Amino acid sequence: MQAKPKRRVVAENGDGPEDLVLATTIGNGEDLGPAVRHAFEMGKPEALLQQLRHVVKKKEVEIEELCKLHYEEFILAVDELRGVLVDAEELKSELSSDNFRLQEVSSSLLLKLEELLESYSVKKNVTEAIQMSKICMQVMDLCVKSNQDISEGRFYPALKTLELIEKNYLKHIPVKTLKRVIEKRIPTIKAHIEKKVTTEFNDWLVRVRSMAREIGQTAIGQAASARQRDEELRTRQREAEEQIRSGLGDCVYSLDVEEIDEDSVLKIDLTPVYRAHHIHTCLGIQQQFRDYYYKNRLLQLSSDLQISSIQPFLESHQTFFAQIAGYFIVEDRVLRTAGGVLTTEQVETIWETAIGKMTSMLEVQFSRMDTPSHLLLIKDYVTLVGATLRRYGYQVGTLLEVLDNSRDKYHELLLEECRKQIVDVLGNDTYEQMVMKKEYEYNMHVLAFHLQTSDIMPAFPYVAPFSSTVPDTCRIVRSFIEDSVSYLSYGGRMNFYDVVKKYLDKLLIDVLNEALLKAIYSGTTGVSQAMQIAANISVLERACDLFLLQAAQHCGVPIRIAERPNASLTAKVVLKTSRDAAYLALLNLVNSKLDEFMTLTDSINWIIDEVPQNANDYINEVVIYLDTLMSTAQQILPIDALYKVGIGALEHISNSIGNAFLSENLKRFNINAIMGLDNDLKMLESFADEKFQSTGLSELHKEGSLRDCLIEVRQLINLLLSSQPENFMNPVIRERHYNCLDYKKVATICEKYKDSPDRLFGSLSNRNNPKQNARKKSMDVLKRRLRDFN
């Protein structure tokens with residue numbers, strides 16, 4: 001009760017607020033550093049020390065008051081502690097007596113405890129021994145199982161057993177000797193397994209190389225079958241187009257799809273590869289196996305790409321390419337199914353190496369070949385190889401480019417072969433019309449090439465307008481088209497119709513047309529031969545459209561494309577030109593023959609005393625020859641060619657008669673000779689009219705006739721026989737009756753006209769004929785006026 005007034009006194013004796021602030025700061029445990037720094041900076045450290053002394057005094061007063069307040073409770077606590085000490089002494093005495101009695105009782109139990117602990121120790125040792133024995137037994141069992149698997153060839157289970165021993169047992173094997181033996185044997189066993197699977201894989205390498213050819217041949221056979229099915233499909237399509245084109249009816253298309261499981265057909269056993277790769281993967285050396293596989297297969301490929309120097313390439317090319325195809329089919333199967341044995345980049349590298357060597361080898365072999373059939377045979381097989389390998393994802397464009405680059409050489413060889421065949425055909429032809437006695441002959445030589453002029457089957461024996469050259473040439477051209485299409489088919493080009501058309505033009509122009517021109521201008525060709533050649537060219541010209549249709553059909557091009565107006569062959573125009581050349585050569589030969597007959601005009605008596613009652617002998621020969629010529633030409637040549645032959649021959653006769661008047665050998669002629677020539681001319685005109693009607697030319701050429709070819713010589717004869725020849729100078733009369741005559745020629749001929757016969761008293765007889773005198777005077781007037789005109 002007295003402490004409270006004293007605490008107030010202490011509080012009241014403080015120096016002020018600064019002491020309270022300092023006391024509060026110390027009570028809160030705050031840092032006095034700033035206050036001390038400030039006091040020294042102000043230069044008043046004594047004031048701070050004074051304040052700290054007052055704070056210390058206040059704390060001492062507070063502690064003293066606190067002790068005075070609780071001293072009674074402290075005394076009570078000391079008294080209680082002394083009582084506890086007495087109780088503790090009593091408890092200690094009791095514990096000591098209890099401990100003595102306990103030790104007396106437990107001495108026997110301690111002996112039993114020691115015996116029990118010893119038993120537990122023995123049990124523990126036995127248990128550990130049993131556990132160790134079990135571990136050893138399990139390890140030994142696993143070792144036995146591994147040995148058995150290895151002996152039976154089950155390498156993967158053996159490796160799994162070894163892996164189990166290594167992971168789960170090896171660290172826990174209690175017997176060090178056994179542990180060392182097992183640790184030493186495990187690598188040896190793994191090496192043995194690796195060796196075994198490598199041996200099996202090596203055996204597979206030998207087998208697969210020997211099987212690669214068979215695999216390739218089987219796959220190429222499948223490609224050939226697929227090509228055959230495509231050909232049959234295109235054939236049916238062409239037949240359907242022909243039916244639709246001919247209006248026979250509608251066609252129903254059906255698509256037959258035949259699925260072939262290539263894996264089931266191609267028996268490729270890759271088990272050793274799978275096994276070896278799997279075992280090496282389990283051994284952790286899969287990359288080593290992959291490198292080993294790649295290296296050995298690359299060596300095999302290098303060996304396969306070597307060409308035999310003993311056997312000709314033509315005989316060995318199929319086995320060579322089949323071996324390569326089989327190799328890459330196996331590689332594709334390994335790539336797809338062997339789980340990383342090969343990479344896509346490795347296969348592409350191998351393929352690029354192989355295709356580079358194959359292309360260079362083909363280029364060399366093609367350059368050495370001189371037979372088109374050999375080149376075609378190899379090309380066909382190479383395209384099958386390309387189609388086969390393309391199905392397995394290989395890029396064969398480079399291989400097909402070699403074939404495409406060799407097409408010019410192939411066609412050059414093919415053209416040369418066709419040239420020899422055509423030359424032989426022309427050389428062996430008798431240039432006589434073919435006579436077909438049976439229907440099969442007609443089908444074989446005419447219908448097979450659409451050479452018929454009518455759809456009606458003719459009566460047999462049938463005489464064709466062409467010789468054996470035409471069907472034989474058509475066969476050669478057809479074979480050329482087939483061979484050309486065969487070479488260009490299944491190559492790099494999809495649309496090769498234009499290429500076939502180009503080479504077909506080359507065959508018809510550079511080979512056939514040249515051979516025909518040589519035959520025409522050979523110098524040994526007679527009239528009948530020239531006529532037959534001209535007829536043959538005319539038929540071959542028409543056949544050009546057939547050749548183009550055959551090319552379109554073999555190329556799979558719709559016929560409507562080949563039938564377009566501007567789609568015809570250039571050779572058709574060239575053959576037409578050659579046909580005209582043949583007609584011209586024929587006319588030259590005919591004219592030469594006519595010249596032989598017209599030389600008989602030299603024996604004509606131009607100053608005959610009497611008028612001949614019959615035609616001259618030469619004209620009879622000419623008419624007989626012309627009749628034979630026109631009859632033969634009517635059977636062989638087209639109607640327009642027949643017309644050309646007729647007018648050409650008659651024009652030549654007309655010119656020959658005119659030239660006879662102009663000849664320097666003819667010095668004079670009289671009216672009697674002119675009358676004889678008039679008879680000759682009338683005979684020719686009668687023949688021309690008869691042939692113009694009987695041959696059917698009158699229906700085609702209504703504007704003019706064969707007689708018109710004799711118009712010049714007819715006007716000349718009419719002028720010389722005219723009673724008033726001076727009318728020639730009358731423009732109206734001349735335009736009406738003598739429009740084909742030339743002034744100079746008429747003047748020259750009239751100067752040779754002598755109406756006085758060379759006989760005694762001839763002038764006296766003329767005086768008694770007023771009509772003849774008038775003609776003579778008129779002729780003299782004409783001569784004088786023509787001289788003046790010239």
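Helices are DSSP runs of H or I with at least four residues, strands are E runs of at least two, and both are numbered from the N terminus. The model is predicted: local features need pLDDT of at least 70, side-chain atom pairs count only at pLDDT 80 or more, and totals for chains, interfaces and linings use all residues. Residues are numbered from 1 along each chain as its sequence is written, and side-chain values use heavy atoms, without hydrogens or water.

Buried positions in H21 include Tyr618, Ile619, Val622, Val623, Tyr625, Leu626, Leu629, Met630, Ala633 and Ile636. Buried means under 20% relative accessible area (exposed is over 50%, partly exposed in between; 1.4 Å probe, protein chains only). An α-helix has 3.6 residues a turn, so residues three or four places apart point the same way. The 20 residues of H21 should span 28 Å at 1.5 Å a residue, and the end C-alpha atoms lie 29 Å apart, which agrees. The expected span is 1.5 Å times one less than the number of residues.

The chain holds 29 helices and two strands. Its C-alpha trace spans about 220 × 90 × 50 Å along the principal axes. The radius of gyration is 65 Å, whereas a compact globule of 790 residues would have one near 28 Å. This radius is taken over C-alpha atoms; the globule rule is 2.2 Å times the number of residues to the power 0.38. Buried residues make up 40% of the chain.
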